[in-house]
Number of protein chains: 2
Amino acid sequence: MNIRLYNARILTMAEGQELFEGEIWVQGDRIIYVGETIGADEVYEKLPAKCIIWDREIDCQGNLLMPGFKNAHTHSGMTLLRSYADDLPLDQWLNHKIFPVEARMTGEDIAELSKLAILEYLTGGVTAVFDMYLTPETIAEAFDQMGMRCVQVGAVNNFSQSPGLVEEMYQKLNHAGPLLSYIIGFHAEYTCSRELLEEIAGIAHKYKTPVFTHLAETEKEVAECRERYGMTPLAFLDSLGMFDYGGGGYHCVHMTPEDIAIMKKRGLYAVTNPGSNAKLASGIAPVTDFLKAGVPVAIGTDGPASNNCLDMFREMFLVTGLAKLRDRDAAAVDALEVLKMATVNGAHAMGLRDADVLKEGKLADLIMIDLNQPNMQPLNNIPKNLVYSGSKENVIMTMVGGNILYEKGNFHTKDSPEEIYRRVEKIKKRIC
Amino acid sequence: MNIRLYNARILTMAEGQELFEGEIWVQGDRIIYVGETIGADEVYEKLPAKCIIWDREIDCQGNLLMPGFKNAHTHSGMTLLRSYADDLPLDQWLNHKIFPVEARMTGEDIAELSKLAILEYLTGGVTAVFDMYLTPETIAEAFDQMGMRCVQVGAVNNFSQSPGLVEEMYQKLNHAGPLLSYIIGFHAEYTCSRELLEEIAGIAHKYKTPVFTHLAETEKEVAECRERYGMTPLAFLDSLGMFDYGGGGYHCVHMTPEDIAIMKKRGLYAVTNPGSNAKLASGIAPVTDFLKAGVPVAIGTDGPASNNCLDMFREMFLVTGLAKLRDRDAAAVDALEVLKMATVNGAHAMGLRDADVLKEGKLADLIMIDLNQPNMQPLNNIPKNLVYSGSKENVIMTMVGGNILYEKGNFHTKDSPEEIYRRVEKIKKRIC
């Protein structure tokens, strides 16, 4: 498809580039022009011969085009468990409610449940997710079928998956298609034996590749690791050579200054999940400290069982709102920094170097934000509006790899919402 | 208008009543039937002769009807200042940014700016607001023209309005129309002289009526009051007899156990504003302590300059999320309690005894929530879905006093969004 999006405001998120009025051209899955509005004659001059015919020309009516959000930590298949067990402490919630139901899910179930999550991502302008869950092959298939970009990460622990499977999936699913990639990872220090962790570190070394994991989510986790190994989880994992080729941690709530120094030294990403950390009373991540130390921060929703939604707008407000509360400083973590976390940093953490900003040659993973909604008026400052008053209702188009998957409330995905809801309901009846 | 809403799920919010499937009938501005689905024959039997002819029969398609949200603290006219001055401490923000622009606003400006806020309320399922701002008469007119319910509260301080004006407005605007009421109030202890506060307390006594004010929003405010009067703001105000006939405080962040005891003793409402308190780094209100003491809690967004949106869904998540963080307890303030705050308690705080629950004889202030959106699926627990994963995009109908003012993205208000945006833009150009 060749698509021209004109009469738009554009926030490319490229360093130092301010919002401007102009247009974007998309050919196949790439952006081929981002710039000022140009006259019809010039369009022909600039256009490569092969795409003179637009499949669609979209008048953006002054609305905003920007890179799609990157949800940098989620467990998509957990949609089944949304509002299934709330208002419980993390360990009770996980051991007594979540794990028993998960044990009954098949790979096919997880594919359906992931499709439900994909619909939700699309309504909220998310164009790629960093997904950790149980059955990588059926998850890959689900994302591929729906046309959605997915970076999977290994989820091995003492009870499910194995280092061998993680390595196999890395070989099989990393770049298995234009929408799919796979990164080495494991569930968490507290669910993995030392031997298992050493094997994972070995794989990271073998392929010279980054590793991601849940990290320092609760105080208890950190205290127990200190008891076990005399070190914080990050210091312990680093001592195994786990992060010699980079990577990062999800949550990163209870971090020491030494932990933050390790993050910086190894070039690790801190993926913050404020909604989940609030709902499970895990704490507030030291986002300002990460920024001061030069540790890049990305944002994830965590899974729908712990959040319970997959809404990057809510997360963006929480990142800055909770930082302001934690630091007792209303100037902490300003809006543009948060937007960068939710787009550029997320893309980089996920290894999606071509899906970070809007620029010629980059992937056409972009969204349109309706500025003609009351919560966006008046247009005093659009980036601040996005973070402080923006909402999913403002997302009127979500494009992934050049395909418009969601537009003004309608899904252009292979499976319709009705089919997916019906199949999820059947799964719920069977196993909940 | 006579409207029948059938094939619905219904959450009446009446004490102890669970969600059920059924229908609601509306005649004029009142609900005349809430109950199970009934056959065509029975409809005729039950119907009063005068409304046999429905103006509209709406198939709710299994979606949810519930009472509209009550935004129990806002400054609607501040839409102009949304994203105008963010990421600043409260006193700098107020004195150097907000007050200078406010000084240039006319009553006509404030009416337009309030209309912009009303559009936003409607998109988010808010059916009544507790509004404190500068020009009560033009505000009343704006709400009346738009068909929106508004309880105004006196905003007097040393610099604007006067006790005389508050009394005059109380006489003139309280029940000036079916949508309008007015409650005695003042801006805050720290912006009012002792003499002024004594005059307000005198008015409360004269009319035996409740009083509302900003209360204990920041640590600084409490410390300065202690220095001035040797008491917390609430203890000081109470010592003047301010709350002898009830009322309540907005924010209520920095409260002592003695303050909470006064709240209980006087039957005061604590109106919490978590979005604003986070964004301005004011702190987290002791919501669990209020609940334990039996102090009713309502929820407000605060004005769009400090929040910056008017979204009760975000506030609901924040009320429970921040309580969980503050208490380090994932079980703190459960979802149904939060829903009660956002509907029933808000209505009671605002004196809207007839707009609290869905019941025969009550005002038809209700909303329809789209359950066929991915963030609401599967339907494990609808109240928890509303609080933890709900969003403005789920609001597909907002009815105030029997009139459908917003339906599937379209406004049925006297002034269109386009007209209002254009006029607000003109105001912005003139005074910002």
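**Helix packing, domains and chain pairing in the predicted model**

In chain B, the axes of helix 3 (residues 107–123) and helix 15 (residues 417–431) approach within 9 Å and cross at roughly 135°. Because angles over 145 degrees would count as roughly antiparallel and 65 to 115 as roughly perpendicular, helix 3 of chain B is therefore oblique to helix 15 of chain B. The structure described here is a predicted model. The crossing of helix 3 of chain B with helix 15 of chain B is left-handed. On the side of helix 3 of chain B, the contact is formed by D109(B), E112(B), L113(B), K115(B), L116(B) and L119(B). These residues meet P417(B), I420(B), R423(B), V424(B) and I427(B) of helix 15 of chain B. By class, the contact between helix 3 of chain B and helix 15 of chain B holds 7 nonpolar and 4 charged residues, with no polar ones.

Helix 3 of chain B also packs against helix 4 (residues 136–146) of chain B, with axes that come within 8 Å and cross at roughly 40°. Helix 3 of chain B is thus oblique to helix 4 of chain B as well. The handedness of this crossing, between helix 3 of chain B and helix 4 of chain B, is right-handed. Helix 3 of chain B contributes G107(B), E108(B), I110(B), A111(B), S114(B), K115(B) and I118(B) to the contact. Their partners in helix 4 of chain B are E137(B), T138(B), I139(B), E141(B), A142(B), F143(B) and M146(B). The residues of the contact of helix 3 of chain B with helix 4 of chain B comprise 7 nonpolar, 3 polar and 4 charged. K115(B) is listed in the contact of helix 3 of chain B with helix 15 of chain B and also in that with helix 4 of chain B.

Chain A is divided into two domains: domain 1 spans 2–67 + 354–411, and domain 2 spans 69–349. The centres of domain 1 and domain 2 of chain A, taken over C-alpha atoms, are separated by 29 Å. Domain 1 of chain A gives 24 residues to the contact between them, and domain 2 of chain A gives 26 residues. On the side of domain 1 of chain A that touches domain 2 of chain A, at least two residues each are supplied by helix 14 (382–389), strand 15 (395–400) and strand 16 (403–407) of chain A. Helix 14 of chain A provides the largest share of that side, 5 residues. The side of domain 1 of chain A that touches domain 2 of chain A consists of 14 nonpolar, 5 polar and 5 charged residues.

Chain A can be laid on chain B by a turn of 180° and a shift of 0.0 Å along the axis, with an RMSD of 0.0 Å. The two copies are therefore related as by a two-fold rotation axis. E393(A) comes closest to this axis among the residues of chain A, with its C-alpha at 2.5 Å. The same surface serves both copies, as 100% of the contact residues of chain A recur in chain B.

The contact between the chains takes 53 residues from chain A and 53 residues from chain B. On the side of chain A that touches chain B, two or more residues come from each of helix 3 (107–123), helix 10 (274–279), helix 12 (312–327), helix 14 and helix 15 (417–431) of chain A. Helix 12 of chain A gives the most to this side, with 6 residues. The side of chain A that touches chain B includes 24 nonpolar, 13 polar and 16 charged residues.

Conventions:
Residues numbered from 1 in each chain as written. Chains lettered and ligands numbered in written order. Predicted model: local features only at pLDDT ≥ 70, side-chain atom pairs only at ≥ 80, totals over all residues. Axes fitted to C-alpha atoms, helices over the stretch in contact; angles between N-to-C directions. Helix = DSSP H or I, 4+ residues; strand = E, 2+ residues; numbered from the N terminus. Parallel < 35°, antiparallel > 145°, perpendicular 65-115°, else oblique. Left-handed = near helix turned anticlockwise from the far one by under 90°. Contact = placed C-beta atoms within 7 Å. Nonpolar A, V, L, I, M, F, W, Y, C, P; charged D, E, K, R; others polar. Domains from an automatic or database assignment. Least-squares fit on C-alpha atoms with pLDDT ≥ 70 in both.
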